[in-house]
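Look at the structure below with its aromatic side chains in mind.

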Amino acid sequence: MKSIYWLLRIALFLLLMGLLWGHLASESYRMKEAASGILPFSVLRPLHVSSVYFGIIISGLALMLWGLYREHLLKQHLSWLKVHLFLWIIALTGVFISYFSGNFGGREYWEFPPIWSIPIILSYVLLLWIYIRNLTPVKSWPVYYWMWLSGLVFFLFVFLENYLWLFPFFQQDLVTDITIQWKVNGSIVGAVNQIIYGVAMYLMVKISGDDAFARKPIVFALFFLGLFNLMFNWGHHIYLVPTDRSIHHISYVVSMSEWIILIRIFYLFKRQLKEQKTFYALFPYRFLMAADYWVMLNLFLALLMSIPIINLFTHGTHITVAHAMGTTIGINSMIILAGAFYLIVPKMSKLSSQILNTLFWGVQASLLLMLSFLITMGIIKGKWQITPSELTFSKLQDSLQPYIYGFIASGTVLFITMALLLGYLLFKSFRK
């Protein structure tokens, strides 16, 4: 159990540092020179992306392991979790030393030298082995067991695929190289989401006390639809790449199938409002409820971006950034905070509840404002990209200054409120 707690502590610390690097990176919008500020943007961006991404990945694994431990399913090879933790420590140490020393040897989103991917791969192989050995005897799996298994398998597969660029065969063909890299960046998010959403499903079952819910046919239908999208909807990431058109057509159809999920969310929305009166007093439920709302907003935005003509308009604009930040903060981080509060702070004083409730709403409001500013800037830039204009890029940036200041201000509030929540959880975790 100590290894699981340390995994979660590391993950929370990474998310906290990711907020700091992100806030410093947002300040670069006001800088006239690329290398000005505390750290250049070329260093802040990978620091921010890797901290947040690894924080989400590791916290998902920690909460998954905690769920299995709570269900008394981690009976074999429990001591190997220490090795799993040690492998992550090696990888993270190497990654961040590389960044601070300016040693960038990877690709987009994975900009660290490939050598540090080896302990990550080994950690996943080990964890998958532990998972299979412990859960194989279990019959009639609830849906979240399948979600966790598919997340582990597909992350390992896609992460290995991510390093095909090391082979000359793939390096020599530019179209193939770009296709694989952009495909990986889309698919790997789906693999991580399988684990995170499995945690959300587990929490909803435990909070409601309805174990049968995780075995209903409709839940498995939505799981398979999500798995189908994980495997095939990555094509909308490469609409601008001159690949076989059939790939684009298939991915478009698959992406549009996600409307089924959105329609189902709206259908359940009215019933959820009734549930709020019962469960709202539970702090973890508030974060799950918030994640539901952000799912609706971000899924709607993602589906619009999957339409080729709109994708052409939004590509390379702040709208893409808004979608990425909306999903990582609004959905993944809310689920992680729900799980962390459920594990670390099952009960709290009235004063703590009031303070944390204020921070909770501060996060939601500031995130909504920040995404609104990003989307507005994206619309302005997208229009500038596709229509003839005498406006230079520097003049365009000058015209965005009011929105940039709004983005920085709302981001600062988000940084403070989210950092206080993460700091509170970290403090409480060391008292367990």
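## A buried ring and its partner

F54 is buried, with a relative accessible area of 2%, where buried means under 20% relative accessible area by a 1.4 Å probe, counting protein chains only. W110 also counts as buried, at 2% relative accessibility. This is a predicted model, in which local features need pLDDT of at least 70 and side-chain atom pairs count only at pLDDT 80 or more, while totals for chains, interfaces and linings use all residues. Residues are numbered from 1 along each chain as its sequence is written, and side-chain values use heavy atoms, with hydrogens and water left out.

## Aromatic pairs

Rings of Phe, Tyr and Trp (its six-membered ring) pair if their centres lie within 6.5 Å, and planes under 30 degrees apart count as stacked, over 60 as edge-to-face and the rest as tilted. By this rule there are 34 aromatic pairs. F54 and W110 form one that is edge-to-face, with 6.0 Å centre to centre and 65° between the planes. Because F54 lies in helix α2 (residues 41–70) and W110 in the loop between α3 (80–100) and α4 (117–135), the pair ties together parts that are 56 residues apart in sequence; helices are DSSP runs (H or I, at least four residues), numbered from the N terminus.

F155 and F159 form a stacked pair, 5.4 Å centre to centre with 10° between the planes. Both residues are buried, and both lie in helix α5 (residues 143–161), four residues apart, about one turn of the helix.

Note on methods. Helix = DSSP H or I, 4+ residues; strand = E, 2+ residues; numbered from the N terminus. Buried < 20%, exposed > 50% of the residue type's maximum accessible area, 1.4 Å probe, protein only.
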